[in-house]
Each structure stands twice: as C-alpha cells, then as structure tokens.
Amino acid sequence: MEENEKRKETFQYNKVEKQGDIVVITQMTNVNRRCRTVKVSKNAYRDNETGEIHEYQNRSVNRSQNQKSLQRTFQTIRGLINANAPRKDAHKVKFITLTYAENMTDTKQLYRDFKAFWKRFLYWNEKQGNDRPEYLLVIEPQERGAWHGHLLLFYPKKAPFIPIKDLTNLWGNGFTFITDTDNMRSISAYLSAYLTDIPVDIQDGEEPDFIDEKGVPKKVLKGGRVHLYPTGMNIYRCSRGLKKPEKYFVSEDMADNYRFENDPIYWLEDEIENPSTGFKTTIRKEWFEDENFNFNEWVQHFYQAAE
C-alpha cells in the first residue's frame, strides 16, 4: 500500500496490539466518549439525557442480522489464538473437535458436558505425566440445529500424543477428531473460516475449492454458517491462564510510523454511523507479521529517530 493511500484522515484513536507474532493497528477518526444510554435489562435501556426507559426495537434473532457483533467476536477469538499460538509454536497446539452422537441443540448442556470432560481430561493428562495445557473452546452450529465444540489446547512445550480412543472415552458423548496444526500458516484464520463457512456440493461445470475427507469435491460458501449463530450467546470460553493480547494506546504519529515502515498482510476499513446521535467514525484495522516486535524497544526507537 502506498504512503499516500495509507493516510487520508486524522485519527483520534490509535491502538497497537501484539498478538504473538502478529501486530494489529486499529485507528478511528472519532471516538464516542459520551454514554448516552445504559442497558437496564435484556430488552430495555435508559436514556441518560431524559431518564426515560425504552425497549429495544427490532432486536436481532440471529447473528446474520448483527454481523458486526459476530465479526468483533471472531476478531477476539483470533487475537487469543494468535497470542498463544504463533507460527513457530504450532507444534505446541492440539486442535480437537468434540461431537455428539445425538442431535445436541442445548448449548448450556454442551458447556456442562465440557466442564465435566475437562475435569476428566486434566486427571488423565496428569497421569500421563504431561504438562497442564491452557484451553480455548469455541462452539459451532450445524445446519440441522446441532452443536459441537472446537477445542484448542496450548501446551508450554511440544504437545503430547493423545490417543483418539482415550480422547473419545474421556469425552463420552460422540466422536472426537484431532486436526494436525504443524503445517498451518495461521491456526486462527483456519478456525475462523471453519466456523463461518459451509462446504457445499458443486454444481455441473463448477471448479471445487477442496476435496473433503471422503474424497468428495466441495465448494465453500463464504459466511454460510453466520445465520446459525443466535444473538446473546457466548460462543467461546477459555482458561484463566490463557495469554491475552498486549494492548497499547499510542499517538497517531507513532501508529503511522509503524504502518509506513511495514507492509500489512491484511487490512480493512469501515464506516460507522448512528443516525439518532449523529455520531460517525471511520475505523481502519491493519494486520502485520512481526514476531520480533517489542513495544518498549519500538517506542525508544521512535523517539530516538524523532530527536
């Protein structure tokens, strides 16, 4: 991206986020620091200017009607994965899928089942002499209404071998699968695509996007799973010891200095407007590969160069 394309507006909000070997820069032209409403219940809010209580109108039934919310959730998930599984540490990760033999549609029951499984797994894991892993669990809806879970285990050293028979017995609700992560360029990108896209049969004359495990050619319907996520539901859980991305608020000059010296691997820009308040802002996000990024050293370098 050329320098004159990178900067067209003045940004009031500038955040640098280190997610393992990924650096993310978020910039906003305006920041709404005024809290006009406060949520008082699931269906109502209070207007701070008038004190009146109002009901929410046209609330979303599923996440496809509130895609920005889903995008933020998956960006959070990707940030957690990147912070705990940089590319050089892919061998420390186990990617497990937990399925049900029955048509499980109760997400609360799924989380209860996982809680019981996790206790059994930790006991088994300790008996094998393995280090205790941190975890991230993300649940995925199926078109038939059923749910299953994707579990990422993050070990401090090389992830141990887990016999699939033992894993299935520990889970006790259906089949389990382990996906190899050693050759994945980005575990977070793979999981995000897995959770939002749907493989579909190809039509005559179409080129397949991939061949499934049964040897059947398939197309990928981008975002085809989004409408299956209900609103108001937490689709992921993680252990307390999981690393969180490092976040720093900086000046616009500092953010631009990094952007101009590095090429992004991905970027997006979006406009947000609230007609009722007149608030409007442009949000720009850029992702960079930088495994050697150190915030304190970068700040020192910036100010030394400015002298």
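A residue is called buried when its relative accessible area is under 20%, exposed when that area is over 50%, and partly exposed in between, with a 1.4 Å probe and protein chains only. By this rule His148 is buried, because its relative accessible area is 12%. The model described here is a predicted one, in which local features need pLDDT of at least 70 and side-chain atom pairs count only at pLDDT 80 or more, while totals for chains, interfaces and linings use all residues. Residues are numbered from 1 along each chain as its sequence is written, and side-chain values use heavy atoms, with hydrogens and water left out.

**The chain as a whole**

The chain has seven helices and 16 strands, where helices (H or I, at least four residues) and strands (E, at least two) are DSSP runs numbered from the N terminus. Of its 307 residues, 43% are buried. The chain exposes about 18,400 Å², and carbon and sulfur atoms supply 46% of this area; accessible areas come from the Shrake-Rupley method with a 1.4 Å probe, and for residues only the protein chains shown count as cover. A contact means heavy atoms within 4.5 Å, and among contacts between residues at least 6 apart in sequence, 66% join residues at least 24 apart.

**The nonpolar cores**

A nonpolar core is a set of buried Ala, Val, Leu, Ile, Met, Phe, Trp, Tyr and Cys residues joined through side-chain atoms within 4.5 Å. The largest such core has 43 residues, and Phe117, Phe121, Leu136, Leu152 and Leu153 have the most contacts inside it. Among the elements that give two or more residues to this core are helix H3 (107-127), strand E7 (134-141) and strand E8 (147-154), and H3 supplies the largest share, eight residues. A second, separate core has 13 residues, including Val23, Ile25, Val250 and Ala255.

**Aromatic rings**

Rings of Phe, Tyr and Trp (its six-membered ring) pair if their centres lie within 6.5 Å, and planes under 30 degrees apart count as stacked, over 60 as edge-to-face and the rest as tilted. The count comes to 18 aromatic pairs. One of them joins Phe293 and Trp298, which are tilted, at 5.7 Å centre to centre with 50° between the planes. Ring pairs also link Tyr100, Phe114, Phe117, Trp118, Phe121, Trp124, Tyr135 and Trp171 into a cluster.

A charge sits over a ring if NZ of Lys or CZ of Arg is within 6 Å of the ring centre and within 35 degrees of the ring normal. The charged end of Arg237 sits in this way over the ring of Tyr111, 3.7 Å from its centre.

**Around Thr10 and Glu252**

Thr10 lies in the loop between helix H1 (3-6) and strand E1 (13-19), and Glu252 is found in helix H6 (residues 252-261). Leaving aside neighbours within four places in sequence, Thr10 is in contact with Thr29 and Glu252. The C-alpha atoms of Thr10 and Met28, 18 residues apart along the chain, are separated by 8.4 Å. The side chain of Glu252 reaches the backbone nitrogen of Phe11 at 3.1 Å.

| Residue | Relative accessible area | Class |
|---|---|---|
| Phe293 | 7% | buried |
| Trp298 | 9% | buried |
| Glu252 | 12% | buried |
| Thr10 | 55% | exposed |

Technical notes: A polar contact is a pair of N or O atoms within 3.5 Å; within protein, one must be able to donate a hydrogen and the other to accept it, and residues adjacent in sequence count only if both atoms are side-chain atoms.
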